[in-house]
Amino acid sequence: MAPAKRRNVSSVKATESSSKAAKIDLQSKVEQILESQKHANDVFDLFEFLQSEKEEDVVPATDACSKLFCTLLERKALYIGKLPAGDEEEVLNGKYEAEAKYQLFMRYRYNSCVEMLLENLGHELHGARESTLCCLMKFAAAEGQHPLEDLSWSEHYSFPRLLIKGVVDQMLSKTSDNSLLISRFQEFLEMDDVRFYVMSCIRENVGQTMDKNKGSMLPVYQNNALTLISSISLPSQESELCNFMVTQEVKRDDWKATKLLEHKRVFERMWLGFLKYKLPSSMYRKVLVILHDSILPHMSKPTLMIDFLTAAYDVGGAISLLALNGLFVLMHEHNLEYPDFYKKLYNLLEPSIFHVKYRARFFHLANIFMSSSHLPVYLVAAFAKRLARLALTAPPAVLLMVLAFICNLIRRHPSSRVLIHKPGTDDEPSEDPYVMEEEDPAECRALESSLWEIKTLQKHYHPEVAKAAMMINTALPVQEADISELLEMTTFELMEKDLSQPGTKSVPLEFESATHLMKADIDVMARHFCLA
């Protein structure tokens with residue numbers, strides 16, 4: 001075993017030394033190319049390492065290319081403008097001066113380097129991909145300060161939009177999960193101009209890719225797109241737009257990247273373009289969780305989300321619960337009118353509602369929706385009755401919140417007190433007239449019934465629940481109960497609360513302590529058996 005171990009150590013050392021030697025060799029080649037034009041062909045040696053499958057070769061070659069072409073861009077040693085028509089060989093054999101030929105040659109090499117780097121964004125090793133991303137963004141910054149194209153297309157000014165588009169296209173892969181690479185890219189999204197053009201590129205890419213796939217789901221691609229889109233956040237004020245990768249020397253005031261309204265428009269189009277296609281249910285949840293605080297506030301027209309939210313609300317289950325938040329924002333702040341909203345909300349009250357992850361959020365919003373004093377009494381009665389029926393099988397931690405919720409409904413709407421003060425009649429029905437299966441709260445006959453379920457819960461095994469159910473036996477106080485502390489209560493917290501209570505005093509079982517088995521002293525047993 002010992003010789004094998006020595007061979008492994010020596011091979012590792014050999015690899016490290018060869019990698020170090022290769023790095024030194026690449027650095028020397030870069031210096032030679034920058035010193036003299038006669039070494040221009042040495043750039044192909046860099047490209048050999050750049051196309052390697054080994055991370056120890058790719059990373060040094062990427063750093064070398066970064067140093068080489070960033071320096072050439074600063075020196076303006078690359079051909080500026082649109083490349084002449086024809087293939088490279090024909091162009092270089094044309095009638096150009098030596099300096100112009102060198103600039104053309106190095107411009108072709110720069111384009112080849114960018115193509116190879118874009119391919120390396122799909123490298124198997126994350127270290128190579130991360131190094132490649134940083135190199136491409138250095139190129140983008142250098143191109144922004146030293147443009148390679150004529151600035152006649154003033155809409156985009158001197159920003160390297162094509163290079164950024166290539167980076168975005170590679171990150172939005174259909175086959176590989178690029179979450180780590182996208183998280184590294186977030187550093188560059190803090191720059192306002194980069195973020196502006198990235199949003200535009202995402203919208204174009206998503207539209208082209210999904211249309212080409214005829215709108216069918218692409219889970220890996222859509223997950224990459226959502227990861228990238230959800231990492232974008234906009235500033236709240238235009239004065240905060242001050243961090244730019246490229247500084248414009250002329251016409252800066254007309255540049256769209258400096259205007260918050262333009263950012264909001266592109267942000268809005270990007271999200272709408274992504275959400276108009278069919279999504280997996282897991283992505284629906286991710287979007288709806290962040291929609292109300294990370295998307296709607298940054299849109300120029302939040303009402304454009306109505307179709308998406310109403311469609312999500314109609315899906316049912318957890319997705320409908322999450323859609324409530326966005327709908328509430330649109331209804332409360334943008335005067336959205338949603339037909340049959342309360343009917344949908346009523347149908348979300350199912351036994352599973354007490355066990356879903358978003359239970360606290362749902363009941364918080366439901367409490368807000370049911371706070372209006374203009375709600376018809378039949379609707380309030382239907383909600384109270386349905387919750388009471390569901391309470392019969394609910395866990396104790398949830399029951400404390402549900403009972404407080406029902407009592408609050410009765411406090412807000414005095415007309416619904418008929419549910420707890422139902423006068424008895426001779427022909428009182430033997431069965432509850434309430435129809436639990438009825439989807440329409442107006443037809444469920446809740447007002448004909450009573451809250452006998454709460455009376456039943458007064459004999460619940462948990463004393464806290466029984467105590468809470470006793471509330472309906474007396475006149476309810478005017479002030480509503482605060483349910484915010486009960487929304488997220490768990491069974492563990494309820495048990496901890498019980499265990500933390502101070503111990504009760506010992507209970508006396510008999511006034512006089514017994515000293516004999518039998519009470520009479522003359523008894524034989526009492527004479528011969530004593531407890532003392």
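**Exercise 1.** State where N224 lies and whether N224 is buried or exposed.

Solution. Step 1: N224 belongs to helix α10, residues 219-230; helices are DSSP runs (H or I, at least four residues), numbered from the N terminus. Step 2: the relative accessible area of N224 is 0%, so N224 is buried (under 20% relative accessible area; 1.4 Å probe, protein chains only). Step 3: setting aside neighbours within four places in sequence, the contacts of N224 include M171, S173, D177 and I182 (heavy atoms within 4.5 Å).

The model is predicted, with local features needing pLDDT of at least 70 and side-chain atom pairs pLDDT 80 or more, while totals for chains, interfaces and linings use all residues. Residues are numbered from 1 along each chain as its sequence is written, and side-chain values use heavy atoms, leaving out hydrogens and water.

**Exercise 2.** Find which residues of helix α2 are buried and where they sit around the axis.

Solution. Step 1: in α2 (residues 43-50), V43, L46, F47 and L50 are buried. Step 2: these residues lie on the same side of α2 because their arc around the axis is only 100° (taken from the directions from the helix axis to the C-beta atoms).

**Exercise 3.** Describe the ring pair of W271 and F274.

Solution. Step 1: W271 and F274 form an edge-to-face aromatic pair, 6.3 Å centre to centre with 80° between the planes (rings of Phe, Tyr and Trp, its six-membered ring, with centres within 6.5 Å; planes under 30 degrees apart are stacked, over 60 edge-to-face, the rest tilted). Step 2: both residues are in helix α11, and because they are three residues apart, about one helical turn separates them. Step 3: W271 is buried at 1% relative accessible area, and F274 is buried at 2%.

Note on methods: Helices (H or I, at least four residues) and strands (E, at least two) are DSSP runs, numbered from the N terminus. Buried means under 20% relative accessible area, exposed over 50%, partly exposed in between (1.4 Å probe, protein chains only).
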